[in-house]
Amino acid sequence: MAQLIDIEAVVRNKFPKQYEKIPSFVFSFVKWLICQKRMNEILTQLDGQEGVSFADGVTKILNVNYRMHGEDNMPERGRLIFTSNHPLGGFDGISYIKILGKRYPKMKFIVNDMLMNIKPLKDVFLPVNTLGKQKRGDMNAIESAYHDDETQLMTFPAGFCSRYIDGKIQDITWKKSVIRQAVDSQRDIVPMFFDGRNSITFYAVELLRRKLGMKFNIGLVLLPWQTVKTASNKTFDIYIGKPIPWQTFDDSKTTAQWAEWLREQTYSLKK
């Protein structure tokens with residue numbers, strides 16, 4: 001039987017103290033907001049499928065297609081880290097699971113630990129706790145994956161979904177850790193650019209949140225709705241750059257400067 005999404009149970013388990021103070025009507029609203037019913041219908045329809053098969057099934061149900069640019073730049077072998085901008089905050093990840101997972105049998109994706117609640121995908125995820133202390137077991141799993149010759153990795157260096165910045169939709173500053181990890185594990189980086197955007201409503205909510213000084217990332221709650229409503233029946237363009245040798249990231253720049261350089265290289269792929 002499919003393991004369904006229950007946002008109320010997630011909050012109860014992860015934030016027990018806060019859960020007791022939340023009225024029931026709030027959960028009813030949030031369930032509607034995140035399209036919990038529709039998401040669970042998809043989970044039920046794909047019951048028994050996991051990983052790449054599940055991601056492939058989701059794209060077919062939502063009638064999503066892709067145009068690949070620079071696919072020949074993807075190495076057949078080697079120690080690799082795939083990086084990308086993060087325009088959709090959710091469905092771009094599902095897309096990469098389908099596309100990269102079919103090409104590389106042992107593919108792992110570094111994600112927000114909240115996504116571990118999507119049970120069919122938990123085996124391809126390496127969770128990172130962005131709201132608190134990282135669990136030692138999760139840290140060890142990530143470290144092991146980085147030093148496994150057969151495992152390829154995918155990460156979104158921004159860590160969060162793209163938003164309006166300086167009049168255009170783009171990622172926030174990329175985390176310098178992606179450079180450090182590439183050098184430490186001696187992995188070449190394959191930059192990818194996903195050409196997509198969420199709805200105007202999503203960006204308006206994010207702008208309002210920032211103006212009000214809200215710390216809670218309400219946009220995260222809207223991402224399932226964006227997947228179901230905005231990504232459906234779309235064709236997305238994905239651009240793939242040439243692998244960047246890990247030796248590139250030398251002492252001529254700081255790790256933060258190299259991360260910004262990588263971000264710029266990624267956005268230039270569409271041009």
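The lining of the largest cavity splits into five nonpolar residues, four polar ones and one charged one. The model here is a predicted one, so read what follows as a tour of that prediction.

**The cavity**

How many cavities of 30 Å³ or more turn up in a search of the whole structure? The search finds one. The largest cavity holds about 50 Å³ of space.

Now for an open space. The second largest pocket has a volume of about 340 Å³. It is lined by 17 residues, and Lys168, Ile169, Gln170, Phe193 and Tyr267 are the ones closest to its centre. Strand 7 (168–170), strand 8 (188–195) and helix 11 (255–268) are the elements that each supply two or more lining residues. Which of the elements gives the most to this lining? That's helix 11, with four residues. By residue type, the pocket lining comes out as five nonpolar, five polar and seven charged.

| Helix pair | Angle | Axis separation |
|---|---|---|
| Helix 5 (residues 51–61) and helix 6 (residues 91–103) | about 125° | 8 Å |
| Helix 1 (residues 7–14) and helix 3 (residues 24–33) | about 120° | 9 Å |

Take helix 5 and helix 6. Angles of 65 to 115 degrees count as roughly perpendicular and those over 145 as roughly antiparallel, and with an angle of about 125° this pair is therefore oblique. The crossing of helix 5 past helix 6 is left-handed. On the helix 5 side, Gly51, Val52, Ala55, Asp56, Val58 and Thr59 make the contact, and they meet Phe91, Ile94, Ile97, Lys98, Gly101 and Lys102 of helix 6. Sorted by type, the residues of this contact are six nonpolar, three polar and three charged.

Helix 1 brings Ile7, Glu8 and Val11 to the contact, while helix 3 brings Phe27, Val30 and Lys31. This contact has four nonpolar residues and two charged ones, with no polar residues.

Conventions. Residues numbered from 1 in each chain as written. Predicted model: local features only at pLDDT ≥ 70, side-chain atom pairs only at ≥ 80, totals over all residues. Heavy atoms only, no water. 1 Å grid on protein atoms, 1.4 Å probe; cavity = no way out; pocket = protein on both sides within 12 Å on 5 of 7 lines; lining within 4 Å. Points joined across faces, edges and corners; volume = space filled by probe spheres on them. Nonpolar A, V, L, I, M, F, W, Y, C, P; charged D, E, K, R; others polar. Axes fitted to C-alpha atoms, helices over the stretch in contact; angles between N-to-C directions. Parallel < 35°, antiparallel > 145°, perpendicular 65-115°, else oblique. Left-handed = near helix turned anticlockwise from the far one by under 90°. Contact = heavy atoms within 4.5 Å.
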